[in-house]
Amino acid sequence: MTDLATITETIRSRVGTDSGLGKTVKIDLGDDGKIFIDGASTPNSVSNDDGPADAVISISKDDFLAMAAGELDGMMAFMQGKLRVQGDMMLAQRLGPLLKG
C-alpha cells in the first residue's frame with residue numbers, strides 16, 4: 001500500500017514550481033495524514049503541514065488513491081459522501097487534473 005510520503009512526493013512532482021492554483025489546498029486523509037499544497041508561494045510547495053487553507057478536501061486514503069488512478073470519479077465521490085470540500089469549491093475542482101496520473 002502506498003504511504004503518505006510517496007503520495008506527497010507524487011503530488012509534489014505533479015504540482016511543480018507553478019501549479020497555476022494561486023491558493024492553498026489541504027488534502028485531509030484522516031488518520032493517514034495531510035497534504036498541504038501551497039500554490040500561492042513562489043515556487044509552489046507541497047508538504048505534510050496542517051495549516052489553514054483556501055480549500056480543504058477530506059477523503060480516505062483508499063478513495064484518494066482510487067481517484068488518482070482514475071478508478072473513482074471525483075464528482076461521484078462527492079455525491080456519495082466519500083469526498084467533502086470546505087472552502088473554495090472551484091479551487092478544489094481545479095486541483096483534479098493535477099492529481100490524476
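Trainee: What volume does the largest pocket have?

Mentor: Please keep in mind that this is a predicted model. The volume of the largest pocket is about 380 Å³. Of its 19 lining residues, Met-67, Gly-74, Leu-83, Ala-92 and Gln-93 are the closest to the centre.

Trainee: Which elements give two or more residues to the lining of the largest pocket?

Mentor: They are β4, α2 (61-68), α3 (74-79), β5 (83-87) and α4 (89-99). The most is given by α4, with six residues.

Trainee: Let us turn to charged pairs. How many salt bridges does the structure hold?

Mentor: To be counted, a side-chain nitrogen of Lys or Arg must lie within 4 Å of a carboxyl oxygen of Asp or Glu. The structure holds four such salt bridges. One of them joins the side chains of Glu-9 and Arg-12, at 2.6 Å from N to O.

Trainee: Which parts does the salt bridge of Lys-26 and Asp-50 tie together?

Mentor: The side chains of Lys-26 and Asp-50 meet at 2.7 Å, N to O. Lys-26 is in strand β1 (residues 24-28), while Asp-50 is in the loop between β3 (45-47) and β4 (55-59), so the pair links parts that are 24 residues apart in sequence. With 11% relative accessibility, Lys-26 counts as buried. A further salt bridge is formed by the side chains of Lys-34 and Asp-28, at 3.6 Å from N to O, and both of these residues are buried.

Trainee: Finally, is Asn-44 buried or exposed?

Mentor: A residue is called buried when its relative accessible area is under 20%. Asn-44 has 9%, and is therefore buried. Asn-44 is located in the loop between β2 (34-38) and β3.

Trainee: Which residues does Asn-44 touch, not counting those up to four places away in sequence?

Mentor: Among them are Val-15, Thr-17, Ser-19, Asp-38 and Gly-39. In the case of Gly-39, the backbone oxygen lies 3.3 Å from a polar atom of the Asn-44 side chain.

Methods:
Residues are numbered from 1 along each chain as its sequence is written. This is a predicted model: local features need pLDDT of at least 70, side-chain atom pairs count only at pLDDT 80 or more; totals for chains, interfaces and linings use all residues. Side-chain values use heavy atoms; hydrogens and water are left out. Helices (H or I, at least four residues) and strands (E, at least two) are DSSP runs, numbered from the N terminus. Buried means under 20% relative accessible area, exposed over 50%, partly exposed in between (1.4 Å probe, protein chains only). On a 1 Å grid over the protein atoms alone, a cavity is a set of points where a 1.4 Å probe fits but cannot get out, and a pocket is an open set with protein on both sides within 12 Å along at least five of seven lines; lining residues have an atom within 4 Å of a point. Grid points are joined across faces, edges and corners, and a volume is the space filled by probe spheres set on the points. A polar contact is a pair of N or O atoms within 3.5 Å; within protein, one must be able to donate a hydrogen and the other to accept it, and residues adjacent in sequence count only if both atoms are side-chain atoms. Contact means heavy atoms within 4.5 Å.
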